[in-house]
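Subject: A structure for you to look at

Hello,

Please have it open while you read.

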Amino acid sequence: MFEVLLHGGNSLGGWTARHIYQVVVESFQLSQKTYRLSQLRYDLLKLKGHGLLERDGSRYAYRLTTKGIQVALLFLFFHKRLCGPLANSRFHHLPDPSHRPQSELEAAYHKADTAIQDIVELLAAA
């Protein structure tokens, strides 16, 4: 769901649960019996409870909060760098260690990448 919400951007009007559901089902080729709208609503409620998602006013439309965007990016980054290779996929992009812009986000990205690379190496040694 994070991937769908990130790819859709943080739209001004937010996404309705039904719209999020349609995109998730289509994007991941899920059957409507495998993942029901009620399950998605439960997931949305949990994300909202953790402060990762917010409602758009009194409407039942949702968007990621600032914290939600950061968590979604970290989760997708972790999944791409650790879970993907463990499932026999290849790394698509490693950050250039010599490229260090003066940005907290860039510094955090490089720090997380180094930590995840250490985990990958430890798992390879095991």
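Two strands are said to pair if DSSP finds at least two bridges between them. Helices (H or I, at least four residues) and strands (E, at least two) are DSSP runs, numbered from the N terminus.

A word on where the values come from. This is a predicted model, in which local features need pLDDT of at least 70 and side-chain atom pairs count only at pLDDT 80 or more, while totals for chains, interfaces and linings use all residues. Residues are numbered from 1 along each chain as its sequence is written, and side-chain values use heavy atoms, with hydrogens and water left out.

**The overall plan**

The protein chain holds 5 helices and 3 strands. Read from the N terminus, the elements follow the order α-β-α-α-β-β-α-α. Of the 126 residues in the protein chain, 28% are buried; here buried means under 20% relative accessible area, exposed over 50%, and partly exposed in between (1.4 Å probe, protein chains only). As for contacts (heavy atoms within 4.5 Å), 47% of those in the protein chain between residues at least 6 apart in sequence join residues at least 24 apart.

**The sheet**

The 3 strands make an open sheet in the order β1-β3-β2, with antiparallel pairing. β1 (15–16) and β2 (53–55) are the edge strands, each pairing on one side only. In general, strands of a sheet pair through backbone hydrogen bonds, either parallel or antiparallel.

Look at β3 from each side in turn. With β1, strand β3 (residues 61–64) pairs in the antiparallel sense over 2 bridges: W15 has Y62 as its bridge partner, and T16 stands opposite A61. With β2, β3 also runs antiparallel, joined by 3 bridges. The hairpin of β2 and β3 has 5 residues between the strands, and G57 takes a positive phi near 60° there.

Which residues of β3 are buried on its two faces? A61 and R63 are buried on one side, and Y62 and L64 on the other, so both faces of the strand are covered. As a rule, side chains in a regular strand alternate between the two faces of the sheet.

Helix α3 (residues 37–49) lies across β2 and β3 and runs at about 100° to β2. For that angle, axes are lines fitted to C-alpha atoms, for helices over the stretch in contact, and angles run from 0 to 180 degrees between N-to-C directions.

**The core**

A nonpolar core is a set of buried Ala, Val, Leu, Ile, Met, Phe, Trp, Tyr and Cys residues joined through side-chain atoms within 4.5 Å. The largest one here has 19 residues, and I20, L40, L44 and L53 touch the most other members. At least two of its residues come from each of α1 (2–7), α2 (17–27), α3 and β3, and α2 gives the largest share, 5 residues. Beyond its neighbours within four places in sequence, L44 is in contact with M1, A17, I20, L53 and Y62.

**Spots in the loops**

T65 sits in the loop between β3 and α4 (66–86). It counts as buried because its relative accessibility is 13%. Not counting residues up to four places away in sequence, T65 touches G51, L52, L53 and E54.

The loop between α2 and α3 is worth a visit too. Q29 is found there, with a positive phi near 50° although the residue is not glycine; at 67% relative accessibility, Q29 counts as exposed. T34 is in that loop as well, and T34 is exposed because its relative accessibility is 52%. The T34 side chain makes a polar contact with the side chain of S31 (2.6 Å). A polar contact is a pair of N or O atoms within 3.5 Å; within protein, one must be able to donate a hydrogen and the other to accept it, and residues adjacent in sequence count only if both atoms are side-chain atoms.

**An aromatic pair**

How many aromatic pairs does a search of the whole structure find? The search gives 1. Y21 and Y35 form this stacked pair, 6.3 Å centre to centre with 25° between the planes. Rings of Phe, Tyr and Trp (its six-membered ring) pair if their centres lie within 6.5 Å; planes under 30 degrees apart count as stacked, over 60 as edge-to-face and the rest as tilted. Y21 is in helix α2 and Y35 in the loop between α2 and α3, 14 residues apart. Y21 is buried at 6% relative accessible area, and Y35 is buried at 13%.

Best wishes
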